[in-house]
Amino acid sequence: MEIVEDVVIVGAGIAGLTTSLGLHRLGIRSLVLESSERLRLTGFALNTWTNAWKALDAVGVAESLRHRHRLITSFLVVSTSLVKPASEISFQGHEIRCVERRMLLETLAKELPNGTIRFSSKLVSIDESATYFKRLHLADGTIIKTKVLIGCDGVNSVVAKCLGFKNPTFTGRLSIRGNANFKGGHGFGTTFRQFFGNGVRAGLVPWDDENVYWFFTWTPATKEEMEDNPVKLKQFIKSKLKDTSDEMRSVVEKTSSHGIVLSPLRYRKPWELLWGNISKGNVCVAGDALHPMTPDIGQGGCSALEDGVVLARCLGQALLMKPTGKFEEEYERIEMGLKRFAKERRWRSFDLITTAFMVGYIQQKDGKVVNYLKDKFLLGFLSWLRLRMSEFDCGSLFSR
């Protein structure tokens, strides 16, 4: 069976759903292919910075999310080698909230027309033999013929490989993320707390009155430290957090075994974006398929939202032009639209990946000299870098 579509988006994650919703707002239908049986809701929560809220405003879902997630007012960075807080920055003038991942994806999906998302649809290969179309072969035998193919299929993207990108590189670091629920309230206020020292980095941020999202990153020394066993992971984290505050340890202790996820930290080598094909003909990539990065500046999900708005705008300009009935002319417009997207996102993606890697490397690097430099000079600079990354404006869905 062969299905014909104008736009196919592979992956119903943040980038895929934002792109589809942006196109829908412009009056353009798309089909989103998701390999799982339902929306992938792992990850618990994500920090959404000012740039993310501009993107959510652009696709018209920001207000409903704002009402359900508290505004984070300050950022407290604590070094375990010092007695007092090393750096505290006010977020005045910025909009930072910790958003439940489930709520974000469901909010985006609910705004799409019925039938937009096709679940249990795993892409296995791409036939590029036709000039103006791509044929997508799915695991269930379905073939989809499409004018535009957009890969939002994560770090192991099939579409990215089609464009010539290599698999993301393992940094050597691991991340544990969790969500702690405090019945009756947690009392942590509206401050994003981060702790580092002794080769680890950890943090906690409340996303409503009872739930706290937390993270812990480190470089494993043995294979045992890489075991995906929630009970052992909790014991390991508590042993590593003995020098941090009671707050951080209490959040880990309060987390159920079902509320912990272990992930290797991968990133795309930034120079690959300078000479790689973000788009080629009628194919492009966005989100983690384009710029997988470490979580050290909290911009993975935020940049995926940016991608969705910019891609919908650039592609919309091509598809909304009056059709002439000639395949080659429409193909050229699509190709130029995707090239505009690639041009807009290339250096932004390069900057995000590089900054995230550098911030993570400095904060997690251990040693007397490094710790001294971090404590005395670098913490304020690193906090400033985070805010600078969040000041980006992706613009509206309409031409700038």
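Trainee: What is the strand order of the open sheet of 7 strands?

Mentor: In this predicted model, the open sheet has the order E5-E4-E12-E13-E14-E11-E15, and its pairing is mixed. The twist from one strand to the next averages 15°.

Trainee: Why do E5 and E15 stand at the edges?

Mentor: Strand E5 (87-90) and E15 each have a single partner strand, so one side of each is left without a neighbour in the sheet.

Trainee: How do you know that E11 and E15 pair?

Mentor: Pairing requires at least two bridges. Strand E11 (residues 169-181) and strand E15 (residues 260-267) share 7 bridges in the antiparallel sense, and therefore they meet the criterion. Within this pair, Ile176 stands opposite Leu262 of E15.

Trainee: What makes E11 and E14 a pair?

Mentor: E11 is joined to strand E14 (residues 211-218) by 8 bridges, and the two run antiparallel. The requirement is at least two bridges, so they count as paired. Asn181 faces Asn211 in E14.

Trainee: Which helix lies across E11, E13, E14 and E15?

Mentor: Helix H6 (residues 230-240) does, running at about 75° to E14.

Trainee: Why is the crossing of H2 and H9 called left-handed?

Mentor: The term applies if the near helix is turned anticlockwise from the far one by less than a right angle. The axes of helix H2 (residues 50-59) and helix H9 (residues 300-319) cross at roughly 35° and come within 8 Å; the crossing is assigned as left-handed. The residues of this contact comprise 8 nonpolar, 1 polar and 1 charged, including Leu56 of H2 and Leu305 of H9.

Definitions and conventions. Residues numbered from 1 in each chain as written. Predicted model: local features only at pLDDT ≥ 70, side-chain atom pairs only at ≥ 80, totals over all residues. Heavy atoms only, no water. Helix = DSSP H or I, 4+ residues; strand = E, 2+ residues; numbered from the N terminus. Axes fitted to C-alpha atoms, helices over the stretch in contact; angles between N-to-C directions. Contact = heavy atoms within 4.5 Å. Nonpolar A, V, L, I, M, F, W, Y, C, P; charged D, E, K, R; others polar.
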